[in-house]
Amino acid sequence: MQVKSHKVVAIAAAIALAVVGSAATSSSANAAGTSLKGVSVIVGSKDFTESIVLSKIVKQFILANGGKVVDKTNIKGSSTTREAMVSGDINMYWEYTGTAWLVYQKQTDVNIAPDVLYKKVVAGDKAAKVTWLPMTSFNDTYAWAITKANATKYGVKTYSDLKKLPAGSAWCVESEFQSRPDGWAGFKKAYSIADSSITTKVLDTGAIYQATKDGQCMVGEVFATDGRIGALGLMVPQEDISYFPPYNAALTMTDATAKKYPQLVKALAPIAAKISNATMQNLNARVDVLGEDADTVAKSFLTASGLVK
Amino acid sequence: MPKALAQPNLTAGSMYSQSARLIFKRHRSLIIQPLLILALSAALAITLSRAHLDVIEKVTINQKFIFRAIQDHLILSFASAAVILAVAIPAGILLTRRRYKKFTPIVLILANIGQAFPAVGVLIIAGILFGFGKPIAIFSFAAFGILPILRNTIVGLQEIDPFIIESALGMGMTPKQALRQIELPLAVPVILAGVRTTLILTVGVATLGVFVNGGGLGTLIIPGLKLNRELVLVTGGILTVIVAFTMDWLARAAEELLRPRGI
């Protein structure tokens, strides 16, 4: 126990250092600002760590600047969360460009550059009266993970190399991925993977990480910014044939909220630029792997990145 | 006077029509239910054949995918129901025998715990420990659904008037004979009600098979939900209802056949 807890503390310290180190000088002043006094909003999120952490960052930012927030994070399912916002139960949450494009705007074309997709999604959401704030640089795309040991053993460096795996190797995907236009069937086609050469297993998305580590899955379908990839000793090979669309996150809110609080829109806009792929992975890992509280993680990120002084 | 009253019943034709009416009256719901199931299936088939499908819907709304899902779903529900029956009915009988009565509270607590477990959580942990696939799904569903039938078997046997069993023994029956000829037939209605509950329960729970590589109708429901494709979601839901209705009908037909007459 003693040894283990030391190890955990050491990892925590390393991650905390990485987050702090990437930011400029941080201030220790904790006095609440007043620039958002009078703002009172309901912040929601989807039901997975990344979405929750991103919304907690917004929540803590508003609180630190004197505004009021009702926390309605962790709503089950993307569509439900979007519905909750459109119908006014929540005022804002973080959405992904790729998801809005495919799922809400029901488009099917996937080969688009991140910034072009962002513009199209913003334009497409005008009809739904949804305002998009600037997007993050991180791309929470679908990715394939394999253990580092297997990657070395079979010489896997790119997605095309995954074909070098033994015949009948298990590929684990979740049911949603099976149905998506940017999903399983299209991937097999793009990389010319024959159904007869592999085994497909359909699992819950959260179970895939551990099952890949345990060897029940040779290849697992994961999310690129998930903290468990690093923590479980998995690696993501290079995408050598461009296939997945971009999934950059951006805070979305109803037009009514944006109009009511223009100062809030302006104040929240710089947050997205501070969250890189590595930062997001660190924040996710602190919650998923180290078990830290999402609010605490959000607060320390805001201080470390200089967004809250 | 009595002669005159009995008169109309003596003609062959009216005898026949009356017994037909009696059969219909007695089994009305047994006859109407399959008609409803057929109507529901037909309505679904017509809706699907006329629907204009987009790329996402086409992946799941096609004959091959749907038949595979129904087939997997039937395998999951029947297999787990079979495991439940094979475990719960003998266990229920044993637990009402004098020698094993003392274990009843403990076993009922275990069965309660089985049902109270968050099904998805148990499934995934079991999958990580023992390997993902149909077998682990079937045993997890069985653990989940064992309570109603176990409880009904115990209650059905306990509710029998002890004087009846005593008189059976007094007439010279061995305890085994009393169990087979008196106790079990009397408990059948309550046990079969438990079987029906179990079957419906397993059909519902089998939608979770999608989380552990078990297949089933969850492969329509979950992506339909997550990707906001109502047609896919509703198709999965209605098919589950159809399977559940069919199972319920089969179980009720079994009840009609197995229920002891005249006791």
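Visitor: What makes helix 11 of chain B, residues 218–226, mostly covered?

Guide: In this predicted model, seven of the nine residues of helix 11 of chain B are buried. A residue counts as buried when its relative accessible area is under 20%.

Visitor: Which residues of helix 5 and helix 12 of chain B meet?

Guide: From helix 5 of chain B come Ile66(B), Ile70(B), His73(B), Leu74(B), Ser77(B) and Phe78(B). Their partners in helix 12 of chain B are Thr235(B), Leu239(B), Thr240(B), Val243(B), Met247(B) and Leu250(B). The residues of this contact comprise eight nonpolar, four polar and no charged.

Visitor: How do you know that helix 8 and helix 10 of chain B are roughly antiparallel?

Guide: Helix 8 (residues 134–158) and helix 10 (residues 175–205) of chain B pack at an angle of about 160°. An angle over 145 degrees counts as roughly antiparallel, and the two helices are therefore given that description. Their axes are 8 Å apart, and their crossing is right-handed.

Visitor: What residues make up the contact of helix 8 with helix 10 of chain B?

Guide: Helix 8 of chain B contributes residues including Phe141(B), Phe144(B), Pro148(B) and Ile149(B). Among those that they meet in helix 10 of chain B are Glu183(B), Leu184(B), Val190(B) and Leu201(B). The contact as a whole divides into 13 nonpolar, seven polar and one charged.

Visitor: Why is Arg259(B) called partly exposed?

Guide: Arg259(B) has 33% relative accessibility. Partly exposed lies between the limits of under 20% for buried and over 50% for exposed, so Arg259(B) counts as partly exposed. Arg259(B) is located in the segment after helix 12 of chain B. Its contacts beyond four places in sequence are with Val188(B) and Pro189(B). Arg259(B) and Val188(B) are 71 residues apart in sequence, with a C-alpha to C-alpha separation of 6.4 Å.

Visitor: How do you know that Cys172(A) and Cys217(A) form a disulfide?

Guide: The sulfur atoms of Cys172(A) and Cys217(A) are 2.1 Å apart, and a pair within 2.5 Å counts as a disulfide. A search of the whole structure finds one disulfide over all chains. The link of Cys172(A) and Cys217(A) is left-handed, with -90° about the S-S bond.

Visitor: What parts of chain A does the pair link?

Guide: The pair links distant parts of the chain, 45 residues apart. Cys172(A) is in strand 6 (residues 169–173), and Cys217(A) is in the loop between helix 9 (205–214) and strand 8 (219–223) of chain A. Both cysteines, Cys172(A) and Cys217(A), are buried.

Visitor: Why does Asp125(A) count as buried?

Guide: The relative accessibility of Asp125(A) is 1%, and the limit is under 20%; Asp125(A) therefore counts as buried. Asp125(A) sits in the loop between helix 5 (114–124) and strand 4 (130–139) of chain A. Apart from residues up to four places away in sequence, Asp125(A) touches Arg82(A), Gln105(A), Val130(A) and Trp132(A).

Visitor: Is Thr225(A) buried or exposed?

Guide: Thr225(A) has 0% relative accessibility and so counts as buried. Its place is in the loop between strand 8 and helix 10 (228–231) of chain A. Residues that Thr225(A) touches include Glu50(A), Phe138(A), Asp140(A), Asn277(A) and Met280(A). In chain A, 53% of the 309 residues count as buried.

Note on methods: Residues numbered from 1 in each chain as written. Chains lettered and ligands numbered in written order. Predicted model: local features only at pLDDT ≥ 70, side-chain atom pairs only at ≥ 80, totals over all residues. Heavy atoms only, no water. Contact = heavy atoms within 4.5 Å. Helix = DSSP H or I, 4+ residues; strand = E, 2+ residues; numbered from the N terminus. Nonpolar A, V, L, I, M, F, W, Y, C, P; charged D, E, K, R; others polar. Axes fitted to C-alpha atoms, helices over the stretch in contact; angles between N-to-C directions. Parallel < 35°, antiparallel > 145°, perpendicular 65-115°, else oblique. Left-handed = near helix turned anticlockwise from the far one by under 90°. Buried < 20%, exposed > 50% of the residue type's maximum accessible area, 1.4 Å probe, protein only.
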